[in-house]
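Below is a briefing on a single protein chain, arranged by topic. Please read it alongside the sequence and the coordinates.

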Amino acid sequence: MSKKAFVALVTCFNEDETINYEATRAQVRRQVAAGNNIMCAGTNGDFTALTFEEKVKLAEAVVDEVGGKVDVIVNAGMPATFETIKLAKEFDRIGVSAIAVITPFFIACTQDGLVRHFSTVADAVKTPIYLYDIPARTQNHIEPETARKLASHGNVAGIKDSGGAKETLEAYLAVSRDMPGFEVYSGPDHLVLWALQNGAAGCISGLGNALPDVLAGILNGYNGGDIAEAERQQAIFTAFRTDLYALGFAPAMVKRALFLQDNSVGASRQPALLPDPEQDAKIADILRRFGLSVQSH
């Protein structure tokens, strides 16, 4: 079975910080044209800055724009199980391909608490659930043994690992080898090819917003058996990541890099990254070095 690339799509905003749905749809078309699948309302999509109603409307717009051409995963995770279920049921109704559930944030959870949380959400919907582990942001980590317990739930289809450590990814991959049907998607952009070669079902990439064709090139090379090409594209992806992420908070840097290519995506909602001419110049220099155009603004 071919491995899949998902892009953790940015949410586009107008100058007054309302969502620009038309610009977001344009980004969907851009990713679909490259051959990438879509994840929306995730970390790179400013999900913590979106209201309940906006997330529902955003999911509806993305699913409508995709028109069945690629898969769409939407993140429903919130601190409370109650609201997570409410969102998940809306996404169930809309007909997304799968629902990602980020670990609760702000509230410290035990591993037993996480099992109960994810199991309760998975029980509430028909759409497959993917666990979403990003402990640096939520302060809650899904231990591999917890993932193993949840893998036996009939509606938990896998996990997105955004922890950044190869050791954790290896542990999740070991679970997937033991539990048929439990898929692992890699989040760290420097590990895309490594993860594919070690059994991951695919990746969910933030950096793909800025380099959709390079991300697709890694997957196309791997799926087509051209590992040399996959390695070449991964080297470009990793080098771009190293340079860009050295400048600041990764999702904010990705959004700004995309903004400098296409101003229609807008800024992020405050209090996220504010325009900084000196930093913009550094980002623009990186874009040009990698052969990307910079739009005046």
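The axes of helix α6 (residues 144-151) and helix α7 (residues 166-178) come within 9 Å of each other and cross at roughly 25°. Axes here are lines fitted to C-alpha atoms, for helices over the stretch in contact, and angles run from 0 to 180 degrees between N-to-C directions. Helices (H or I, at least four residues) and strands (E, at least two) are DSSP runs, numbered from the N terminus. The model is predicted: local features need pLDDT of at least 70, side-chain atom pairs count only at pLDDT 80 or more, and totals for chains, interfaces and linings use all residues. Residues are numbered from 1 along each chain as its sequence is written, and side-chain values use heavy atoms, with hydrogens and water left out.

**Helices α6 and α7**

- α6 and α7 are therefore roughly parallel to each other; angles under 35 degrees count as roughly parallel, over 145 as roughly antiparallel, 65 to 115 as roughly perpendicular and the rest as oblique.
- The crossing of α6 and α7 is right-handed; a crossing is right-handed if the near helix is turned clockwise from the far one by less than a right angle, and left-handed if anticlockwise.
- On the α6 side the contact is made by Pro144, Ala147, Arg148 and Ala151, and on the α7 side by Ala171, Tyr172, Ala174, Val175 and Asp178. Contact means heavy atoms within 4.5 Å.
- By class, the contact of α6 with α7 has seven nonpolar, no polar and two charged residues. Ala, Val, Leu, Ile, Met, Phe, Trp, Tyr, Cys and Pro count as nonpolar, Asp, Glu, Lys and Arg as charged, and the others, Gly among them, as polar.

**Leu173 in α7**

- Leu173 is a residue of helix α7 and counts as buried, at 1% relative accessibility. Buried means under 20% relative accessible area, exposed over 50%, and partly exposed in between (1.4 Å probe, protein chains only).
- Apart from neighbours within four places in sequence, Leu173 is in contact with Val184, Trp194, Asn198, Gly199 and Ala200.
- From Leu173 to Ser186 there are 13 residues in sequence and 9.9 Å in space, C-alpha to C-alpha.

**Helices α1 and α9**

- Helix α1 (residues 21-34) and helix α9 (residues 212-223) have axes that come within 9 Å and cross at roughly 30°.
- That angle makes α1 roughly parallel to α9, and the crossing of the two is right-handed.
- Arg30, Gln31 and Ala34 in α1 meet Pro212, Asp213 and Ala216 in α9.
- The residues of this contact divide into three nonpolar, one polar and two charged.
- Gln31, placed in helix α1, is buried, with a relative accessible area of 0%.
- Setting aside neighbours within four places in sequence, Gln31 is in contact with Val7, Leu9, Asn36, Ile38, Gly208, Asn209 and Pro212.

**Backbone exceptions**

- Most residues other than glycine have a negative phi, and most peptide bonds are trans.
- Glu17 is not a glycine, yet has a positive phi of about 75°. Glu17 lies in the loop between β1 (4-8) and α1 and counts as partly exposed, at 25% relative accessibility.
- Asp46, also a residue other than glycine, has a positive phi near 60°. Asp46 sits in the loop between β2 (37-40) and α2 (52-66) and counts as buried, at 15% relative accessibility.
- The peptide bond from Gln270 to Pro271 is cis, with omega near 10°. Pro271 is in the loop between α11 (250-261) and α12 (277-289).

**An exposed loop residue**

- Lys126 lies in the loop between α4 (111-124) and β5 (129-133) and counts as exposed, at 77% relative accessibility.
- Beyond neighbours within four places in sequence, Lys126 is in contact with Asp92 and Asn155.
- Lys126 and Leu150 are 24 residues apart in sequence and 16 Å apart in space, C-alpha to C-alpha.

**The whole chain**

- The secondary structure comes to 12 helices and eight strands.
- Along the principal axes, the C-alpha atoms fill a box of roughly 50 × 45 × 35 Å.
- Of the 297 residues, 55% count as buried.
- Among contacts between residues at least 6 apart in sequence, 74% join residues at least 24 apart.
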